[in-house]
Amino acid sequence: MKKKIAQNITNLLESYMDDGFFSTPHRNRILQEYLLDLRFNDKYTSLVSNSFSLLSKIDLSKEFYGPLTKVIINYLRIENDLAWNHLKEFCVLLIKKGQVFTSDQLTEIFQIAIERDEPNNHKYEELIKSSSEALNKFYPDIKISNKQLVKKAIGNCASVSKWIYVSYLLLVTDDSCRTIISGEIEEMFDLKLDFDLYEHLIRKKLFDYRRKDYFERLVEKIKTCEEVGFTNVFKDGEPIFTGYTFFNFILLINILKIDRESDLLKNFNNISPFQAWLLNPLKFDYSNFDVKWILASDKIHILNSLKGIEKIQNAVEAELKREFNPTLSEIYYKYLL
């Protein structure tokens, strides 16, 4: 059955192309005429997308993947009918089973994504990100040194939003290419600091938060934020927030493991008791503590920062004796003790 699946997918992709001179594939002329019909086009591209999805879910040996990976790459070189959502299924396959491709093949997919990408076009953005992540995950010693390719990727960044995807090149490029990318980012931030992009970069540890004064500027922005955040109310078991700016900042400083006694985190004067507790749980006045804050903070990076705080343990124990809550009990034994 698995052999038949692999062969059927191979046949589907090969139907799109013919061998050209020197074995360079080109689009099959007859199929291209059929693809002009929108209904046929939709059915064909859905089949391709579903094939990628199926491959990500079934367990095939390299014996079956070997010939198939070559066909997939030839297809990616020339296809002109898939949309970004179709390619996204292939990206899932890359992240889950990128090891079935050789390092050279993943590098080629990475190159195809950048070379076929265009400014103001979203089709290849996810493939740039996923091919970078797959290379970093399965072949971490492979580093891209092609400066022209990196400059092409940067040149396609007609908007800050595309930088979110292109920034993943920092995972797989060598020092000289990383310097080019970081230099472009700093030049952009020096003109205008985009806080969303900056938070993404330091959250993913693609950029050192200690460089220049960017993090200090982020902290000052958070200090001026007047959102209430958690409202101390739950609906259908879910905490109700009016905004997540401060909460996401807390996640960020936990991910970066920033010292809570750092001068950077002083003088947060206009925050709620819940926010003050998140900011520095070791120094919080627990006479004002509400156990349901634990449930509202059910994120691994935050819960890990609460481990071993005796006053939290005591408060949770008392609450569990008063009224048992399975979620609170699991958090207590898994994270707080």
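Biologist: Let's begin with the whole chain. How many helices and strands does the secondary structure come to?

Modeller: The chain has 18 helices and four strands. Remember that this is a predicted model. Along the principal axes, its C-alpha atoms fill a box of roughly 80 × 50 × 40 Å.

Biologist: What share of the 337 residues is buried?

Modeller: Buried residues make up 45% of the chain. The accessible surface comes to about 18,200 Å², and 50% of that belongs to carbon and sulfur atoms.

Biologist: And how do I read the contacts along the sequence?

Modeller: Take the contacts with a separation of 6 or more: residues 24 or more positions apart account for 66% of them.

Biologist: Now a pair of helices. At what angle do the axes of α5 and α7 cross?

Modeller: Angles under 35 degrees count as roughly parallel. Here the axes of α5 (residues 84-97) and α7 (residues 125-138) cross at roughly 10 degrees and come within 8 Å. That makes α5 roughly parallel to α7. On the α5 side, the residues that meet α7 include F90, C91 and L94, while those of α7 include L127, S130 and A134.

Biologist: Is K129 buried or exposed?

Modeller: Buried means under 20% relative accessible area. K129, which lies in helix α7, has a relative accessible area of 17%, so K129 is buried. Leaving aside neighbours within four places in sequence, K129 is in contact with Y165 and Y168.

Biologist: How many of the 11 residues of helix α13 are buried?

Modeller: Nine of them, so helix α13 (residues 245-255) is mostly covered. Among the buried ones are F246, F249, L252 and N254.

Biologist: Let's finish on the surface. Which residues form a nonpolar patch there?

Modeller: The patch consists of I30, Y34 and F40, with about 310 Å² of accessible area together. Residues in such a patch need over 30% relative accessible area. F40 has 31% and is partly exposed; you will find F40 in helix α3 (residues 38-57).

Terms used: Residues numbered from 1 in each chain as written. Predicted model: local features only at pLDDT ≥ 70, side-chain atom pairs only at ≥ 80, totals over all residues. Heavy atoms only, no water. Patch = residues over 30% accessible without salt bridge, like charges linked within 9 Å, V, L, I, M, F, W, Y side chains within 5 Å. Areas by Shrake-Rupley, 256 points an atom, 1.4 Å probe, with all protein chains shown as cover. Salt bridge = Lys/Arg side-chain N within 4 Å of Asp/Glu carboxyl O. Helix = DSSP H or I, 4+ residues; strand = E, 2+ residues; numbered from the N terminus. Buried < 20%, exposed > 50% of the residue type's maximum accessible area, 1.4 Å probe, protein only. Axes fitted to C-alpha atoms, helices over the stretch in contact; angles between N-to-C directions. Parallel < 35°, antiparallel > 145°, perpendicular 65-115°, else oblique. Contact = heavy atoms within 4.5 Å.
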